[in-house]
Amino acid sequence: MKKYLAPFFMLIIFEAIAITLWLTKDNIFYLFNFSYIGLSISLGIFLFIKKYKHARRIVQLLVGLYMLIYLGLIRNENMQIEGFWYYLFTGVFEAATIHYAVAKIFGPLLFGRGWCGYACWTAMVLDFLPYKSPSQPRKKLSWIRYITFTVSLVFVASLFLAKVGNIERIMFWAFIVGNLAYYAVGIALAFAFKDNRAFCKYICPITVFLKPMSYFSVLRIKCDKDKCISCGKCKRVCPMNVDVTDNSRKRKNGTECILCMECVRNCPKDAL
Ligand code: SF4
Ligand code: SF4
Ligand code: SF4
């Protein structure tokens, strides 16, 4: 029974967030929202424990589609980084600011880049492409993420400085256009570099938040050196080029780990 504690604890954490936000913000939406996400993630962990091959993909679809279609398109909440800047500048601790605080800024201290492995609706599509693990060495292009990060900040700040009217409507269209651009660039890069996750590695502005916080993540894959036979399979299957056999926080590409568990599933010695 011990192994089933993990999905149970995950559910408890999300329920605690759901109830706290429901009561403090006096808005029952938060109870529904975080309970649904917690249940989806717990189901995924349960299926993974049961060795179901598509456990992660199910969570990606459950959470990713919910956020993209229900929150983004139906409720008109821009959960992209522009939406985060927008709510931050308006001083409202709602929607995107709460989402960023939980999933992308403070959450990664606990669950690293779990967001990227299980919930992101951009990666939900990219992970269907054929290049599951990169066949080429990593390119020195990750500086581009700082440009996209700055552009998103300057774009929203300019709207406020220029006192543009109806910014909320602009944010909705920014969500549509931004997502289409992310998908187009992400798919093009995946085919160009033969790497589904090229967009995540070089372009995505959200990694500017995710990487430093996930450095300190409590949840991380560790290698049992007594079992490891140095076959290198974990590195070959890793979509993010992480040297997971190094247990130190400074492991190569350590802050890129999306906790997808491909290395764990493929290790022939159960060393991870
Ligand atoms: S790096 Fe960006 S695009 Fe990739 S999974 Fe994470 S948040 Fe999504
Ligand atoms: S796949 Fe397992 S045994 Fe092989 S190098 Fe990685 S941790 Fe070691
Ligand atoms: S394969 Fe392992 S090291 Fe690589 S991203 Fe997935 S969980 Fe992290």
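Predicted model: local features only at pLDDT ≥ 70, side-chain atom pairs only at ≥ 80, totals over all residues.
Local features need pLDDT of at least 70, side-chain atom pairs count only at pLDDT 80 or more, and totals for chains, interfaces and linings use all residues; side-chain values use heavy atoms, with hydrogens and water left out. Residues are numbered from 1 along each chain as its sequence is written, while chains are lettered from A and ligands numbered from 1 in the order in which they are written.

The largest pocket holds about 820 Å³ (on a 1 Å grid over the protein atoms alone, a pocket is an open set of points where a 1.4 Å probe fits, with protein on both sides within 12 Å along at least five of seven lines; lining residues have an atom within 4 Å of a point). Of its 39 lining residues, Met10, Ile41, Ile45, Phe111 and Leu219 sit closest to the centre. By class, the lining splits into 32 nonpolar, 4 polar and 3 charged residues (Ala, Val, Leu, Ile, Met, Phe, Trp, Tyr, Cys and Pro count as nonpolar, Asp, Glu, Lys and Arg as charged, and the others, Gly among them, as polar).

The second largest pocket has 20 lining residues, and nearest its centre lie Arg56, Arg57, Lys132, Glu262 and Arg265. Its lining is made up of 9 nonpolar, 3 polar and 8 charged residues.

Glu262 turns up again around ligand 3, alongside neighbours including Ile221, Cys238, Pro239 and Met261 (near means a heavy atom within 4 Å). That shell counts 11 nonpolar residues, no polar ones and 1 charged.

Technical notes
Points joined across faces, edges and corners; volume = space filled by probe spheres on them.
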